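Student: Hi! I have a structure open here and would like to talk through its insides with you. Could you take a look with me?

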Amino acid sequence: ETGINAEYGGIVLSLWKKNQQGDESASSSSSLQDKYERRVSIQSVEEEEEKKDEPLTSQDWDLLLKGAKTTQMKQGEVVITEGQQYQRLYQIQRGSCSITKLGKYLGKMSAGEIFGEISFLEGSGAAASVMVEEDVELSIIEGYYIKCLFEMKPGFAGRFYHHLCTILTERIRK
């Protein structure tokens, strides 16, 4: 919705500029334009803050995946080694991976699932190993990119951490 408001505001602003006449209206519309842009900017920040406790939006996912690197891996390849430092998240786009801890099989993840969140949250080594079970395509989102998004989009951090909590809760219940 914020994107729609900003887009609508941009359209209105460009129409306003096209209809300006003479220097007098240009100078007065400049201050009106500044006020309008500040109001839209403040409104966008307020809307973003209101949504911080909601789940990730499709716009949030678009932002996350814009900064992701995509890679393909073959069956048997190790994606994450237990104990190693990783400051990134992985999302399976296609295929599947198995999870092991201390050599014990814990489960399988498939398309749409995310992993790497525990080491991202704790800033520590990976809690488990992840190996490609069926050829995969992975989106890799670096931690520094996520932290930049936190700075740029005020409500994003709350939605992001809420999403990770939801994932972890579901895994605990399994």
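Predicted model: local features only at pLDDT ≥ 70, side-chain atom pairs only at ≥ 80, totals over all residues.

Student: Good to know. Which residues have the most contacts inside the largest nonpolar core?

Tutor: Val79, Ile80, Tyr90, Phe115 and Leu138 have the most contacts inside that core, which has 17 residues. Strand S2 (78-80), strand S3 (88-101) and strand S6 (129-142) each give two or more residues to this core. The largest share comes from S6, with 5 residues.

Student: And what does Ile80 touch?

Tutor: Leaving aside residues up to four places away in sequence, Ile80 touches Tyr86, Tyr90, Phe115, Gly116, Ala126, Ala128, Ser129 and Val130. There is also a second, separate core of 16 residues, and Leu64, Ala68, Leu89 and Ile141 are among its members.

Student: How does the pocket lining divide by class?

Tutor: The lining of the largest pocket has 14 nonpolar, 6 polar and 7 charged residues.

Student: How many cavities of 30 Å³ or more are there?

Tutor: The count is 1 cavity of 30 Å³ or more. The largest cavity holds about 40 Å³ of space.

Student: What lines the largest cavity?

Tutor: Its lining is made of Leu56, Trp61, Leu64, Leu89, Gln91, Ile114, Ile141, Phe160 and His163. Helix H3 (58-66), S3 and H6 each give two or more of these residues. By class, 7 are nonpolar, 2 are polar and none is charged. Leu64, Leu89 and Ile141 from this lining also belong to the second core.

Student: Is Leu56 buried or exposed?

Tutor: Leu56 counts as buried because its relative accessibility is 12%, and the cut-off for buried is under 20%.

Student: What does Leu56 touch?

Tutor: Setting aside residues up to four places away in sequence, Leu56 touches Trp61, Leu64, Phe156, Arg159, Phe160 and His163. Leu56 and Phe156 are 100 residues apart along the chain, yet their C-alpha atoms are separated by 7.8 Å.

Student: New topic: what is the phi of Leu102?

Tutor: Leu102 has a positive phi of about 50°, although it is not a glycine. Most residues other than glycine have a negative phi.

Student: And where does Leu102 lie?

Tutor: Leu102 lies in the loop between S3 and S4. Leu102 counts as exposed because its relative accessible area is 74%, and exposed means over 50%.

Student: Last one: how many disulfides does the structure hold?

Tutor: The structure holds 0 disulfides. As for cysteines, Cys148 is partly exposed at 40% relative accessibility, and Cys165 is partly exposed with a relative accessible area of 48%.

Definitions and conventions:
Residues numbered from 1 in each chain as written. Heavy atoms only, no water. Disulfide = S-S within 2.5 Å. Buried < 20%, exposed > 50% of the residue type's maximum accessible area, 1.4 Å probe, protein only. Core = buried A, V, L, I, M, F, W, Y, C linked by side-chain atoms within 4.5 Å. Helix = DSSP H or I, 4+ residues; strand = E, 2+ residues; numbered from the N terminus. Contact = heavy atoms within 4.5 Å. Nonpolar A, V, L, I, M, F, W, Y, C, P; charged D, E, K, R; others polar. 1 Å grid on protein atoms, 1.4 Å probe; cavity = no way out; pocket = protein on both sides within 12 Å on 5 of 7 lines; lining within 4 Å. Points joined across faces, edges and corners; volume = space filled by probe spheres on them.
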